[in-house]
Amino acid sequence: MAAIYCVPLDGFPQEILRQVVPELSSIYSTPIRLLPEMQTAEKAYEPVRRQHSSTAILQLLKSMLPDGEDRILGVTTADLFIPILTFVFGEAQLNGPAAVVSGQRLQNEFYGLKANAAVYHERLLKECVHELGHTYGLRHCLSAGCVMQKSTYVENIDLKTAEFCSACGGFLQEHHRSSNMLREV
Ligand SMILES: [Zn+2]
Ligand SMILES: [Zn+2]
């Protein structure tokens, strides 16, 4: 059976990642395997921006996976960017195996607010579900509350749920069904 590999990057606390694993596993009906921590700075750090390139991290993650139905999700403490944006909460390969999420801008402390572990957990879960959704081929969704809604600011993340709307949920089920069929042939 296909699996989702979760890997803490650049010092992201294993125990925080471990907290989202059961929910991710049940949302995607897929077993999750935690991998040991990985460092990405050498390949992904851009000194001029003082941020990590999310696209470079995706390449690194992808190179760790054999071809197949498996997915790999890295979660980092580093601030991520793509060239056209000042930052991203995460990035994923559409219909590809790799996704990455940054915890940095999901924490209240980043905005000068009091730390809140429950809020952080919710945001992290939503972003992990969202980026993994892209790896299964889901695009951004306009349905209110759907986890596949695009988030530009952290407030957008708080306004959506960790769940899929019926259209996105149906798409995912169809994906799982067809990949199961492929394996059986
Ligand atoms: Zn997205
Ligand atoms: Zn949706």
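Which residue is the bridge partner of Ile-4 in S5? The partner is Arg-71.

The model is predicted: local features need pLDDT of at least 70, side-chain atom pairs count only at pLDDT 80 or more, and totals for chains, interfaces and linings use all residues. Residues are numbered from 1 along each chain as its sequence is written, with chains lettered from A and ligands numbered from 1 in the order in which they are written.

**The sheet**

Helices (H or I, at least four residues) and strands (E, at least two) are DSSP runs, numbered from the N terminus. Two strands count as paired if DSSP finds at least two bridges between them. Five strands form an open sheet of mixed pairing, in the order S2-S1-S5-S8-S7. S2 (32-34) and S7 (90-92) each have a single partner strand and stand at the edges, so one side of each has no neighbour in the sheet. On average, neighbouring strands are turned by 20 degrees against each other, direction ignored; the axes are lines fitted to C-alpha atoms, for helices over the stretch in contact, and angles run from 0 to 180 degrees between N-to-C directions.

Strand S1 (residues 4-9) pairs in the parallel sense with S2 over three bridges and with S5 over six bridges. Within S2, Ile-4 is bridged to Ile-32, and Tyr-5 to Arg-33. Five of the six residues of S1 are buried, so this strand is largely enclosed by the rest of the structure. Buried means that 20 or more other C-beta atoms, placed from the backbone, lie within 10 Å of the residue's own.

**The helices**

Helix H1 lies across S1, S2 and S5 (71-76), at about 170 degrees to S2. Contact means that C-beta atoms, placed from the backbone, lie within 7 Å. S1, H1 and S2 make a right-handed β-α-β unit: with the strands pointing away from the viewer, the path from the first strand over the helix to the second runs clockwise. In H1, Leu-17, Val-20 and Ile-27 are buried, and the buried residues of this helix pack against S1, S2, S5 and H4. H1 bends by about 30 degrees at Val-21, with Pro-22 following within four residues; the bend is the angle between axes fitted to the seven residues ending there and the seven starting there.

The expected span of a helix is 1.5 Å times one less than its number of residues.

| Helix | Length | End-to-end C-alpha distance | Expected span |
|---|---|---|---|
| H4 | 19 residues | 27 Å | 27 Å |

After H1 comes Ser-29, with a positive phi near 45 degrees. Gly-137 follows H4, with a positive phi near 100 degrees.

Notes:
Contact = placed C-beta atoms within 7 Å. Buried ≥ 20, exposed ≤ 12 C-beta atoms within 10 Å, placed from the backbone.
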